[in-house]
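Reader: I have a chain open on my screen and would like to go through its fold. May I put some questions to you?
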Amino acid sequence: MASITLKGLKKSYGNAHVIKGVDITIEDGEFVVFVGPSGCGKSTLLRMIAGLEDITSGELNIAGRVVNDLPPKERGVAMVFQSYAIFPHMTVRENVAFGLTIAGDSKEVKDAKVAEAARILQMEHLLDRRPSQLSGGQRQRVAIGRAIVRKPEVFLFDEPLSNLDAALRMDMRMEIGKLHKALGATMIYVTHDQVEAMTLADKIVVLKDGLVQQIGSPMELYHRPANAFVAGFLGSPSMNFLDVEVKAVNGNKITVANSALEPVEIEAKTGSYSVGGKARLGIRPQYLTPAEGAGQLHGKVALTERLGAETVIEVTLSNGKPLIAALARDAIFPIGTEIGLTFTASEAHLFSE
């Protein structure tokens, strides 16, 4: 397997700068997820690593080699595409063995490697079928099997589950996690789905507009986001943001309030603040609870969604702004109910203007 280092990587198409200088170190055997909104550059960055896109400037190092000018087949990587890219006229066995056939491997070698991949992916019974006889999840297994037989140093996944329904996505997500543990391989996985990022990754790279916003473990990014973008992108439902005014500053302890929020002291982890200045207060829906009294926040219930495991309510605050709270599964709040909400200050995040 291999470590990967990206140093000042940039990609431009004429005057359009897509990747604007990315520095990332991926350790041998790590599962790293590139995540971000559509158009942030994550798939372009993956294709640059694969050799499918030229590098405008910077250095890409795989397993101790600078590979900027190497063709894809010499980089020791295998890529699994969103569209599966399997041949409809071939059987599963022939599809999985296709790269080995191109490389000129003997029938014995091909049979052994295909059998091993089929065992790992639990698809021995599918080897003589054609893609038209397979489900979406089974086709994805074929695409992964074709990567496994090459025994690459690095596996690259480009939104491999986006074509599957929700239940199958969850199953395949678990299978890919098991595959990583079984192979111990270095894997880079691109997705816009923050649930996939949180559940699969050893390390998450959050991208926006061609720039890295933060790199860290899933829980590090969830609990200690570097900025409001990262805070809002990770977590479901998304973090609430309240525009607030700074009322007092005592070192890194900042007291903020607005017309719907009682004054609360927050320990700021980033940014600089001054009395009378503006800031944004972030509160995750899961950290809001109904108050016995007036609460720190107050408003009226505008929408209730009972999901079984939890009840999600939208509250219209007294200043007219919406707020989402994820409450206990049996919570019942009819629309129009006056409600007070409270939260623990240590679980809130403050971001300077």
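Reader: In what order do the six strands of the open sheet run?
Author: The order is E6-E7-E8-E3-E9-E10, with mixed pairing. Strands (E, at least two residues) and helices (H or I, at least four) are DSSP runs numbered from the N terminus, and two strands pair if DSSP finds at least two bridges between them. This is a predicted model, in which local features need pLDDT of at least 70, side-chain atom pairs count only at pLDDT 80 or more, and totals for chains, interfaces and linings use all residues. Residues are numbered from 1 along each chain as its sequence is written, and side-chain values use heavy atoms, leaving out hydrogens and water.
Reader: In what sense do E3 and E9 pair?
Author: E3 (residues 31-35) and E9 (residues 203-208) are parallel, over four bridges. Val35 has Val206 in E9 as its bridge partner.
Reader: Turning to H6, which of its residues are buried?
Author: Met172, Arg173, Ile176, Gly177, Leu179 and His180 are buried, meaning under 20% relative accessible area, with exposed over 50% and partly exposed in between (1.4 Å probe, protein chains only).
Reader: Why are they on the same side of H6?
Author: They cover an arc of only 155° around the axis, which places them on the same side; the arc is that of the directions from the helix axis to the C-beta atoms.
Reader: What does the face turned away carry?
Author: That face of H6 carries the exposed residues Ala167, Lys181 and Ala182.
Reader: And what follows just after H6?
Author: Gly184 takes a positive phi of about 65° there.
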